Amino acid sequence: MSRVPPAPAEVYEPIFGSEPSLRRRIHAQASHLTADYLAWMTALRTKGILPGRLVELVRLRVAFHNQCRSCMAIRYSTGDVSEELVCSLEKPEEAEDLTEPERAALAFADLMATDHLRVDDATFARLHQHFTSPEVMELCLLVGTFVGYGRMDSALAMTDDLPEEYADPDATVAPWRQAPVTLI
């Protein structure tokens with residue numbers, strides 16, 4: 001059961017419509033901030049200069065570290081992220097279907113999600129081998145957002161509407177072990 005109850009319909013419907021996900025109904029409890037939150041998340045997906053494939057791979061890898069079940073269950077449609085590619089996230093440094101820039105971005109995301117104090121000049125030197133400064137800054141904004149919001153969503157335990165394999169609070173889940181439930 002979610003640790004914060006969903007907002008009532010009269011609060012979430014003007015923002016999300018009549019049948020939003022549990023996650024959106026819970027986020028609507030802060031309706032005074034929800035529009036800005038949605039605008040930020042939409043901007044990350046629609047105004048970025050990084051490839052959608054890279055953004056989705058980073059998002060799913062951070063979701064695993066956060067153990068954010070709703071984040072792992074969702075797939076944002078980019079057209080070039082297959083479930084086979086998602087499976088390569090289990091061991092990204094060994095994956096044949098990832099590019100070197102994707103591996104660098106995933107290594108940065110791993111550090112930010114697990115031990116951010118180990119991010120150093122060498123980490124950024126590796127990123128700058130593959131990305132421009134604006135792209136590196138965008139990656140920082142993405143990863144920071146994914147880590148923070150993913151941990152918040154994980155702590156809220158918003159799993160009531162997810163399949164059983166995502167809802168078990170005692171199981172470690174991964175986006176490469178379960179089928180996705182939503183394509184957005």
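This is a predicted model: local features need pLDDT of at least 70, side-chain atom pairs count only at pLDDT 80 or more; totals for chains, interfaces and linings use all residues.
Biologist: Where is Gln-67 found, and what is its phi?

Modeller: Gln-67 is in the loop between helix 4 and helix 5 (69-73). Its phi is also positive, near 55 degrees, in a residue other than glycine.

Biologist: Is Gln-67 buried or exposed?

Modeller: Buried means under 20% relative accessible area, exposed over 50%, and partly exposed in between (1.4 Å probe, protein chains only). Gln-67 has a relative accessible area of 17%, so it counts as buried. Ser-70, in helix 5, is buried at 7%. Glu-83, in helix 6 (residues 83-87), is partly exposed at 28%. Over the protein chain, buried residues make up 45% of the 184.

Biologist: Which residues does Ser-70 touch?

Modeller: A contact means heavy atoms within 4.5 Å. Leaving aside residues up to four places away in sequence, Ser-70 touches Arg-23, Asp-153, Met-158 and Leu-162.

Biologist: At what angle do helix 4 and helix 9 pack?

Modeller: Axes are lines fitted to C-alpha atoms, for helices over the stretch in contact, and angles run from 0 to 180 degrees between N-to-C directions. Helix 4 (residues 52-66) and helix 9 (residues 133-156) pack at about 35 degrees, with axes 9 Å apart.

Biologist: Which residues of helix 4 and helix 9 meet?

Modeller: An α-helix has 3.6 residues a turn, so residues three or four places apart point the same way. In helix 4, the residues that meet helix 9 include Leu-54, Val-58 and Val-62. On the helix 9 side, Leu-139, Val-143, Phe-146 and Gly-150 are among them. By class, this contact has nine nonpolar, three polar and two charged residues. Here Ala, Val, Leu, Ile, Met, Phe, Trp, Tyr, Cys and Pro count as nonpolar, Asp, Glu, Lys and Arg as charged, and the others, Gly among them, as polar.

Biologist: What span does helix 9 reach?

Modeller: The expected span is 1.5 Å times one less than the number of residues. Helix 9, with 24 residues, reaches 34 Å from its first C-alpha to its last, close to the expected 34 Å.

Biologist: How many helices and strands does the protein chain have, and what is its radius of gyration?

Modeller: There are ten helices and two strands. The radius of gyration is taken over C-alpha atoms, and the globule rule is 2.2 Å times the number of residues to the power 0.38. For 184 residues a compact globule would have a value near 16 Å, and the chain has 17 Å, which agrees. Its C-alpha atoms fill a box of roughly 50 × 35 × 30 Å along the principal axes.

How values were computed
Residues are numbered from 1 along each chain as its sequence is written. Side-chain values use heavy atoms; hydrogens and water are left out. Helices (H or I, at least four residues) and strands (E, at least two) are DSSP runs, numbered from the N terminus.
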